Amino acid sequence: MEDIVSLCKRRGFVFQSSEIYGGVAGFYDYGPLGVELVNNLKSAWWDAMVKDHDNIYGIDGAIIQHPLLWEASGHVAGFTDPMVEDAVTHKRYRADHLAGVDTTDLKELSDLLRDKKSPDGNPISEPRYFNMMMQTWIGPVQDDAARAYLRPETAGAIYVNFLNVKDSMRAKLPFGIAQIGKAFRNEISPRDFIFRVRELEQMEMQYFIRPQMQDETYEQWREFAWKFLVDKLGIKESSLTWHEHDENERAHYAKAAHDIYFNFPQGPKELWGTHNRTDYDLSNHARVSGKDLMYVDEVGGDRFYPYVIESSVGVGRMLLAVLSDAYTKEEINGESRIVLKLKPSLAPYKVAVSPLLKNKPELISLAKDIYGQLKSEFGMVIWDDNGNIGKRYRRQDEIGTPFCVTIDFASLEDKTVTIRNRDTTKQERCSIDGLIDALREGLKQ
Ligand code: GAP
């Protein structure tokens with residue numbers, strides 16, 4: 001983890017937020033390379049989720065919604081339980097469940113739990129009320145009537161737009177609504193770099209189905225998540241495992257939940273959740289809002305609340321997983337190097353362009369010309385003429401740039417350049433005329 005945190009800061013992926021003021025725990029800023037990687041991850045997810053399905057629609061809901069939404073969803077009540085925390089694993093447990101009683105009195109719970117250990121056999125904290133919802137006030141008066149919440153999950157905006165999307169898109173079951181956006185959780189102990197933060201970004205999709213489809217649809221979205229991580233992000237299958245939630249672990253809305261665990265530097269931990277939320281959300285929003293959120297079957301006219309299978313993953317966690325999986329220290333020809341073996345489609349820069357020497361005008365002029373052509377073709381192309389060529393390659397390896405193109409004296413004569421491959425470190429000559437095609441081919445993987 002230390003190596004990754006250090007690389008992230010040194011090379012502009014992730015910075016502690018407000019660092020010059022000492023930072024704020026649980027908040028991070030993405031730097032120039034981090035934001036590119038984040039955008040590449042988000043567009044890979046959006047392409048696979050929204051563009052590749054003709055029955056999944058995107059939305060971008062507001063962070064602040066009507067406060068009743070969070071009462072209906074169970075978050076206002078569900079996040080204010082008396083909790084204890086396992087001192088070793090930091091898992092939180094409902095204090096009343098652990099004590100086996102039906103009380104929320106902290107003094108009573110504290111007495112009952114005095115000699116109790118967590119389900120993992122570790123010491124636990126004192127019970128205390130904990131609400132993970134971040135609050136604010138709408139308008140000038142800060143009283144209860146003006147209280148609002150920063151959303152703790154993006155899913156809320158999807159449920160309250162179920163009818164709007166269904167009607168405006170003339171959608172029929174099964175269909176999904178997807179969203180990428182910020183969510184906020186007042187985590188007791190944010191930790192492990194960007195793994196557990198207080199301001200996070202989620203990519204979530206709620207798939208509305210007939211109740212009888214719940215089991216097969218659940219399996220379908222579990223498989224989607226696994227395949228996405230392996231095929232689209234290039235994560236090694238050996239870094240992933242399944243974890244099924246037991247009853248104590250499941251969120252208040254879930255009937256079944258499976259996480260994909262990634263082998264993070266701090267150990268195997270949750271990366272991506274698939275949940276069967278049944279008709280919990282739609283029926284509760286219908287009850288609290290008084291609006292009819294039932295689906296009317298086009299054949300037969302049956303009225304029912306669709307069930308929902310949810311697919312939910314955090315962008316920051318995905319970035320940490322991708323970086324940890326790609327981070328490699330290796331020896332090549334007796335020299336050690338750090339290389340980010342990122343899938344080219346995710347790499348912040350696709351190509352680096354270098355003139356062999358920086359004080360030879362003819363070389364610079366040809367190299368600038370090539371740089372301009374590559375930039376208009378691939379966008380994220382970096383110019384690097386600093387230090388010797390070996391150092392430049394190492395610098396690009398460390399940020400995962402798949403190819404370096406070097407323009408040397410032979411280039412002036414025979415109109416060829418060297419393409420150096422990040423993973424194999426092999427260098428090949430290529431004609432300038434064929435350069436764009438060769439790189440396009442290489443970047444396809
Ligand atoms: N809508 C369902 C939901 O929010 P969750 O398991 O609480 O379920 C889903 O969160 C995903 O969001 C997690 O699998 C994880 O990737 C990410 N996530 C949740 N809390 C996080 C936090 N505090 N910091 C970073 N990512 C978080």
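Thr-278 lies in strand S13 (residues 267–278); helices (H or I, at least four residues) and strands (E, at least two) are DSSP runs, numbered from the N terminus. Phi of Thr-278 is near 50°, a positive value in a residue that is not glycine. Thr-278 is buried because its relative accessible area is 14%; buried means under 20% relative accessible area, exposed over 50%, and partly exposed in between, with a 1.4 Å probe and protein chains only.

The model is predicted: local features need pLDDT of at least 70, side-chain atom pairs count only at pLDDT 80 or more, and totals for chains, interfaces and linings use all residues. Residues are numbered from 1 along each chain as its sequence is written, and side-chain values use heavy atoms, with hydrogens and water left out.

**Backbone details**

Ser-18 also has a positive phi, about 50°, although Ser-18 is not a glycine. Ser-18 sits in the loop between strand S1 (14–16) and strand S2 (28–30). The peptide bond from Leu-173 to Pro-174 is cis, with omega near -5°. Pro-174 is in the loop between H8 and strand S9 (175–184).

The table lists the accessibility of three further residues.

| Residue | Relative accessibility | Class |
|---|---|---|
| Asp-325 | 11% | buried |
| Ser-18 | 37% | partly exposed |
| Asp-120 | 41% | partly exposed |

Asp-325 belongs to helix H11 (residues 315–326). Not counting residues up to four places away in sequence, Asp-325 touches Gly-234, Ile-235, Lys-236, Ser-239 and Phe-262; contact means heavy atoms within 4.5 Å.

Asp-120 is placed in the loop between helix H6 (106–112) and strand S6 (128–129). With residues up to four places away in sequence again left out, Asp-120 touches Asp-86, Thr-89, Lys-91 and Tyr-93. The C-alpha atoms of Asp-120 and Glu-219 are separated by 29 Å, and these residues are 99 residues apart along the chain.

**Domains and cores**

The chain is assigned domain 1 (2–77 + 132–323), domain 2 (80–131) and domain 3 (349–442), with bounds that come from an automatic or database domain assignment. The C-alpha centres of domain 2 and domain 3 lie 59 Å apart.

In soluble globular proteins, nonpolar side chains tend to be buried together. A nonpolar core is a set of buried Ala, Val, Leu, Ile, Met, Phe, Trp, Tyr and Cys residues joined through side-chain atoms within 4.5 Å. The largest nonpolar core has 62 residues, of which Trp-45, Leu-233, Trp-272 and Met-318 touch the most other members. Helix H2 (residues 32–51) gives the largest share of this core, nine residues. Domain 1 and domain 3 each supply at least three residues to this core. A second, separate core of 23 residues includes Ile-364, Ile-370, Tyr-371 and Cys-430.

Leaving aside neighbours within four places in sequence, the contacts of Trp-272 include Trp-45, Phe-224, His-258 and Met-318.

**A pocket**

The second largest pocket holds about 340 Å³ of space. On a 1 Å grid over the protein atoms alone, a pocket is an open set of points where a 1.4 Å probe fits, with protein on both sides within 12 Å along at least five of seven lines, and lining residues have an atom within 4 Å of a point. A volume is the space filled by probe spheres set on the points, which are joined across faces, edges and corners. Of the 15 residues that line this pocket, Val-160, His-285, Ser-289, Lys-291 and Leu-293 are the closest to its centre. Helix H3 (67–72), helix H7 (155–160), helix H8 (162–169) and helix H10 (280–289) are the elements that give two or more residues to the lining.
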